[in-house]
Amino acid sequence: MTKNRLLTTANRAFKKGKFDISESLYRKLLKIAPKEPIANYRVALLLEKRAQFSQCTNYFKIALENSPTNGNYWVAYISALLSNGEIEKVEAVLSIATKHRVPLKYLNNSYNLLQEIKNTILAMKPKQLAQYLKFGKYE
């Protein structure tokens, strides 16, 4: 099967909700074309859906390296970083996205969410903050 055929078939399966089939096809495609942005993006989404955040961020990065102006890729990558607790990295990623002239309509929510997270952390009592830093959550 050609790269284009694999991608088309994988995309159809993905859109129909046949995620196991689509992931298998995307991974097969990535063996022949490891930098293919759509395949990397979709595998990342599937990993994120299974809460495998540290793995999915690698695929998002590859998608972004090969399609750096795609706003949806940036939003998904930032979301995965936040879900993985990588708050400091989000600021750097937002800066890089801005340098790639990604439209603000894609980034505004990420900027706002990051600010909310920072404000929440700043408002924590010392015991809550210590618990958050140790376990990524607080009561």
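Modeller: The second largest pocket holds about 160 Å³ of space, a volume being the space filled by probe spheres set on grid points joined across faces, edges and corners. A pocket here is an open set of points on a 1 Å grid over the protein atoms alone where a 1.4 Å probe fits, with protein on both sides within 12 Å along at least five of seven lines; lining residues have an atom within 4 Å of a point. The model is predicted, so local features need pLDDT of at least 70 and side-chain atom pairs pLDDT 80 or more, whereas totals for chains, interfaces and linings use all residues. Residues are numbered from 1 along each chain as its sequence is written, and side-chain values use heavy atoms, without hydrogens or water.

The lining of this pocket consists of K61, L64, E65, P68, W74, Y77, K89, V93, I96 and H100. By class, six of these are nonpolar, one is polar and three are charged; Ala, Val, Leu, Ile, Met, Phe, Trp, Tyr, Cys and Pro count as nonpolar, Asp, Glu, Lys and Arg as charged, and the others, Gly among them, as polar. Helices α4, α5 and α6 (87–99) each contribute at least two lining residues. Helices are DSSP runs of H or I with at least four residues, strands are runs of E with at least two, and both are numbered from the N terminus.

Helix α4 covers residues 53–66 and also contains I62. I62 is partly exposed at 26% relative accessible area, where buried means under 20%, exposed over 50% and partly exposed in between (1.4 Å probe, protein chains only). Leaving aside residues up to four places away in sequence, I62 touches P34, K35 and N40, contact meaning heavy atoms within 4.5 Å. The C-alpha atoms of I62 and E36 lie 8.2 Å apart, although 26 residues separate them in sequence.

N40 belongs to α3, where it is buried, as are Y41 and L47 among others. Ten of the 13 residues of α3 are buried, and the helix is mostly covered. Its buried residues pack against α1, α2, α4 and α5.

The whole structure contains four aromatic pairs, that is, Phe, Tyr or Trp rings (six-membered ring of Trp) with centres within 6.5 Å, stacked if the planes are under 30 degrees apart, edge-to-face if over 60 and otherwise tilted. One of them joins F14 and Y26 edge-to-face, at 6.4 Å centre to centre and 65° between the planes. Because F14 lies in α1 (residues 3–15) and Y26 in α2 (residues 19–32), this pair ties together parts twelve residues apart in sequence. F14 is buried at 16% relative accessible area, and Y26 is buried at 0%. Another pair, Y41 with Y73, is stacked, with 4.4 Å between centres and 25° between planes. This pair links α3 (residues 37–49) to α5 (residues 71–83) across 32 residues. Y41 is buried at 15%, as is Y73 at 6%. F14 and Y26 also form one aromatic cluster with F19.

As for the protein as a whole, its secondary structure comes to eight helices and zero strands. Of its 139 residues, 37% are buried. Its C-alpha trace spans about 60 × 30 × 25 Å along the principal axes.
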